[in-house]
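Colleague: I would like to learn how to read charged side chains in a model, and I would be glad if you took me through one case slowly.

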Amino acid sequence: EPGDRRSLQAAVRQVIAALSAAYGRLLAALAWLGCVLLLVMMLVIVADVALRNLAIAGLPRGLAWSNEVSEFLLYLITMCVAPWLLRQGQHIRVDIVLQGLPRPVAYALEWVGDAIGLVYCLFIAWYSARAALDSHAAGSLNIKTLVTPEWWSLAPLPVVFVLLSIEMLFRMHRLAHAERGPRHDAVSAA
């Protein structure tokens, strides 16, 4: 019956809205973690520079591992913040053509872009998971100043790309319930 169908659709929308809100909080927490990691990276760099330039008795002349740790932290910051940026519509987006196209065409291209984004995110999640598992099984190491298992640097990739895939699905859901036209988040053309 039409009344039952509408109430079921409304219930599904409420569940999706609740899941989306909870997911948004998870992504916001990851973004905050990215901010904390940025602070840690800054402190490591400042400590390294200070120790190289100030002779302090009992302390080393710099932190030999600071470049490696800073590089890894920069990578982790990117991994933590990327899904949140996608959710906020603050990712890189070239939309000047979309804003100039007829609204139905732009709306269709938004769907194409989201579908392509979802496929790529799922592929990269699968491929990077395989790479991390293969690296773990092989016992591969990164040997620089610090010696670390290679899979440590590969493990965040599949997690983040699964998160990005989930956000792509939420984007598609929001697009399905938005007005028919190009998105208005993070537009570069008016």
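**Reading the salt bridges**

Modeller: Let us begin with a pair: Glu110 and Arg183 are both buried, where buried means under 20% relative accessible area, exposed means over 50%, and partly exposed lies in between, with a 1.4 Å probe and protein chains only. This is a predicted model, in which local features need pLDDT of at least 70 and side-chain atom pairs count only at pLDDT 80 or more, while totals for chains, interfaces and linings use all residues. Residues are numbered from 1 along each chain as its sequence is written, and side-chain values use heavy atoms, with hydrogens and water left out.

Colleague: What do the side chains of Glu110 and Arg183 meet in?

Modeller: Side chains of opposite charge can pair when their charged atoms come close. Here the side chains of Glu110 and Arg183 meet in a salt bridge at 2.9 Å, N to O, the term being used for a side-chain nitrogen of Lys or Arg within 4 Å of a carboxyl oxygen of Asp or Glu. This pair links distant parts of the chain, since Glu110 belongs to helix H4 (residues 103-138) and Arg183 to the segment after helix H6 (156-176), 73 residues apart. Helices (H or I, at least four residues) and strands (E, at least two) are DSSP runs, numbered from the N terminus.

Colleague: Which residues are linked with Glu110 in a network of salt bridges?

Modeller: The network of salt bridges joins Glu110 with Asp114, Arg171 and Arg183.

Colleague: How many salt bridges does the structure hold?

Modeller: The structure holds 8 salt bridges, and one of them is between Glu71 and Lys144, at 3.7 Å, N to O. That pair also links distant parts of the chain, with Glu71 in helix H2 (residues 66-88) and Lys144 in the loop between strand S1 (141-143) and strand S2 (147-149), 73 residues apart.

Colleague: Are Glu71 and Lys144 buried or exposed?

Modeller: Glu71 is partly exposed, with a relative accessible area of 48%, whereas Lys144 counts as exposed at 55%. In another salt bridge, Glu167 pairs with Arg174, their closest N and O atoms being 2.5 Å apart; Glu167 counts as buried at 0% relative accessibility, while Arg174 is partly exposed at 33%.

Colleague: And how should I place these pairs within the whole chain?

Modeller: The chain has 6 helices and 2 strands, which run α-α-α-α-β-β-α-α from the N terminus on. Buried residues make up 31% of its 190 residues.
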